Amino acid sequence: MNNLAFFRGKKVFLTGHTGFKGSWLSRILILSGAEVTGYALEAPVEAKLFDTLHLGKNMHSVIGDIRDREKLIRTMQEAQPEIVFHLAAQPIVRESYKDPVGTYETNVMGTVNILEAVRQTKSVKSFLNVTTDKVYKNNEWEWGYREIDELDGYDPYSNSKSCSELVTHSYEKSFLKEAGVAVSTARAGNVIGGGDFAPDRIIPDCVRAVAKGEKIAVRNPHSTRPYQHVLEPLGAYLMIAQAQYENPACVGSYNVGPGDEDCITTGQLADLFCNSWGGEAAWENLYQGGPHEANFLKLDCSKIRTAFGWKPHWQVAQAVKETAVWYQAWLEGKDMEAFTDEQIRKYFTLQERK
């Protein structure tokens with residue numbers, strides 16, 4: 001169960017705070033009363049969730065490259081955080097085929113740099129590296145991957161995240177455990193939610209198409225993915241960071257994903273979106289080949305359920321509905337800071353009631 005009051009007054013450092021998940025996590029932490037410092041590049045898209053939510057006025061936002069180790073260390077030492085979340089990454093599979101070197105520099109050396117910053121900042125007690133469900137060697141089998149399964153992502157993005165896991169394990173064993181820093185990694189599946197405007201992601205593609213009155217082009221309609229609302233893994237990240245802060249025995253690697261019933265195909269997700277959006281929303285199959293991407297991938301989340309009693313609260317249909325209404329409110333010009341806050345309060349209140 002999440003106890004957001006734990007973060008009140010805590011100094012928290014967050015990489016990747018200008019991104020999709022980072023912006024949502026920043027807002028949750030701000031609402032929780034944390035003292036938040038973010039370190040990231042400028043968001044590379046026209047419609048920035050970070051700016052839409054006016055996050056810069058309520059946190060210390062530092063624009064910097066995770067590959068700039070000296071600036072990163074200096075920024076962290078100035079912030080003196082107790083808790084560090086590492087989300088900064090190059091997160092797109094197709095982009096990793098276009099720029100494999102840049103992907104490895106960001107996702108592997110970026111992890112080295114943040115861990116080195118943690119090693120040199122004595123205030124840190126809890127560190128969480130957010131990776132991906134794609135770190136596993138994908139055998140295209142029907143059961144979920146467990147935390148003990150082999151790490152060997154196929155494409156440069158997935159593989160660089162596998163490397164990020166290994167780097168984290170090495171730093172923990174070599175330096176951080178002895179220094180009293182609790183270290184975990186979290187491997188989440190595909191997330192959806194309001195405010196994602198990245199290219200090559202199904203929900204942003206849906207929104208862009210329906211906003212123009214066009215049919216949604218679905219590239220891989222038969223690929224099965226573990227879709228979940230962005231608040232699901234973020235709630236888990238906060239839970240892990242708190243648990244290991246209070247009890248270092250809680251450290252480890254944790255899968256964070258939906259139940260089997262929410263592992264659906266991209267085509268089924270597009271159907272849910274069109275139903276939630278209403279009107280003339282429709283999609284078409286535009287499979288044209290392309291670089292290798294996994295067809296079937298899901299996680300076994302028994303470990304986090306057993307350790308913390310965590311479980312998803314919004315099934316995929318509701319996750320898509322909450323996502324669609326966010327974008328509709330955005331297109332209507334509503335106050336998105338207030339709208340987002342209401343979704344956050346709705347989700348975490350729902351958690352506390354269960």
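**Exercise 1.** Which residues in helix 1 meet which residues in helix 8?

*Solution.* The model is predicted: local features need pLDDT of at least 70, side-chain atom pairs count only at pLDDT 80 or more, and totals for chains, interfaces and linings use all residues. Residues are numbered from 1 along each chain as its sequence is written, and side-chain values use heavy atoms, with hydrogens and water left out.

Step 1. From helix 1, Lys21, Trp24, Leu25, Ile28 and Leu29 are in contact with Leu231, Leu234, Tyr237 and Leu238 of helix 8 (contact: heavy atoms within 4.5 Å).

Step 2. By class, eight residues of this contact are nonpolar, none is polar and one is charged.

**Exercise 2.** Describe how helix 1 crosses helix 8.

*Solution.* Step 1. The axes of helix 1 (residues 20-32) and helix 8 (residues 231-246) come within 10 Å and cross at roughly 55°.

Step 2. Helix 1 is therefore oblique to helix 8 (under 35 degrees is roughly parallel, over 145 roughly antiparallel, 65 to 115 roughly perpendicular, the rest oblique).

Step 3. The crossing of helix 1 with helix 8 is right-handed.

**Exercise 3.** Assign the buried and exposed sides of helix 3.

*Solution.* Step 1. Leu72, Ile73, Thr75, Met76 and Ala79 of helix 3 (residues 69-79) are buried (under 20% relative accessible area; exposed is over 50%, with a 1.4 Å probe and protein chains only).

Step 2. These residues lie on the same side of helix 3 because they cover an arc of only 165° around the axis.

Step 3. The face turned away from the buried side of helix 3 carries exposed Glu70 and Glu78.

Step 4. Among the elements covering the buried residues of helix 3 are strand 1 (11-15) and helix 5 (100-119).

Technical notes. Axes are lines fitted to C-alpha atoms, for helices over the stretch in contact, and angles run from 0 to 180 degrees between N-to-C directions. Helices (H or I, at least four residues) and strands (E, at least two) are DSSP runs, numbered from the N terminus. A crossing is left-handed if the near helix is turned anticlockwise from the far one by less than a right angle, and right-handed if clockwise. Ala, Val, Leu, Ile, Met, Phe, Trp, Tyr, Cys and Pro count as nonpolar, Asp, Glu, Lys and Arg as charged, and the others, Gly among them, as polar. The arc is that of the directions from the helix axis to the C-beta atoms.
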